[in-house]
Amino acid sequence: MRKLQHFFEEQAFGVCTRLGEILSISTSSIRLFFIYASFLTFGSPLIIYMGLAFIMNLRRHLRKQYNQIWN
């Protein structure tokens with residue numbers, strides 16, 4: 001089960017994990033929120049999820065570039 005969870009977290013951009021760390025909420029409850037909200041609102045939370053994933057990847061990329069410039 002841990003291998004499956006680790007695989008999913010690697011492939012799912014880590015958005016729920018990061019939100020859980022920031023808000024001090026378990027990642028499983030955040031994932032359930034996204035799943036239930038997606039069913040109730042016909043997928044609109046997926047747009048928010050993808051936007052957060054894009055922002056996280058952009059910040060990660062900019063941090064790498066910043067470190068390469070100053071090292």
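1. Phe-42 is found in the loop between helix 3 and helix 4; helices here are DSSP runs of H or I, at least four residues long, numbered from the N terminus. The model is predicted, with local features needing pLDDT of at least 70 and side-chain atom pairs counting only at pLDDT 80 or more, while totals for chains, interfaces and linings use all residues. Residues are numbered from 1 along each chain as its sequence is written, and side-chain values use heavy atoms, leaving out hydrogens and water.

2. Phi of Phe-42 is near 60°, a positive value in a residue other than glycine. Phe-42 has a relative accessible area of 80% and is therefore exposed (over 50%; buried is under 20%, partly exposed in between, with a 1.4 Å probe and protein chains only).

3. Ser-24 also deserves a look. Its phi is near 55°, again positive in a residue that is not glycine. Ser-24 lies in the loop between helix 2 and helix 3, the latter spanning 27–40. The relative accessibility of Ser-24 is 67%, so this serine counts as exposed.

4. How do helix 3 and helix 4 pack, in angle and axis distance? The angle is about 135°, and the axes are 7 Å apart (axes are lines fitted to C-alpha atoms over the stretch in contact, and angles run from 0 to 180 degrees between N-to-C directions). Helix 3 is therefore oblique to helix 4 (roughly parallel is under 35 degrees, roughly antiparallel over 145, roughly perpendicular 65 to 115, and oblique the rest).

5. On the helix 3 side, that contact is made by Phe-34, Ala-37 and Ser-38, and on the helix 4 side by Pro-45, Leu-46 and Tyr-49 (contact means heavy atoms within 4.5 Å). By class, the residues of the contact of helix 3 with helix 4 are five nonpolar, one polar and no charged (Ala, Val, Leu, Ile, Met, Phe, Trp, Tyr, Cys and Pro are nonpolar; Asp, Glu, Lys and Arg charged; the others, Gly among them, polar).

6. Ser-38, a residue of helix 3, has a relative accessible area of 14% and so is buried. Leaving aside neighbours within four places in sequence, Ser-38 touches Gly-43, Pro-45 and Leu-46.

7. Helix 2 contributes Val-15, Cys-16, Arg-18 and Leu-19 to the contact, and helix 4 contributes Tyr-49, Leu-52, Ala-53 and Met-56. Seven of the residues in the contact of helix 2 with helix 4 are nonpolar, none is polar and one is charged.

8. The largest pocket has a volume of about 240 Å³. A pocket is an open set of points on a 1 Å grid over the protein atoms alone where a 1.4 Å probe fits, with protein on both sides within 12 Å along at least five of seven lines, and lining residues have an atom within 4 Å of a point.

9. Which residues line the largest pocket? They are Val-15, Arg-18, Leu-19, Ile-22, Leu-52, Ile-55, Met-56, Arg-59, Arg-60 and Arg-63. Helix 2 and helix 4 are the elements that give two or more residues to this lining. Helix 4 supplies the largest share, six residues. The lining has six nonpolar, no polar and four charged residues.

10. Leu-4 sits in helix 1 (residues 2–11). Its relative accessible area is 56%, so Leu-4 is exposed. Along the chain, Leu-4 and Phe-54 are 50 residues apart, and their C-alpha atoms are separated by 23 Å.

11. Asn-57 belongs to helix 4. With a relative accessible area of 31%, Asn-57 is partly exposed. Pro-45 is 12 residues from Asn-57 along the chain, with 18 Å separating the two C-alpha atoms.

Terms used: Points joined across faces, edges and corners; volume = space filled by probe spheres on them.
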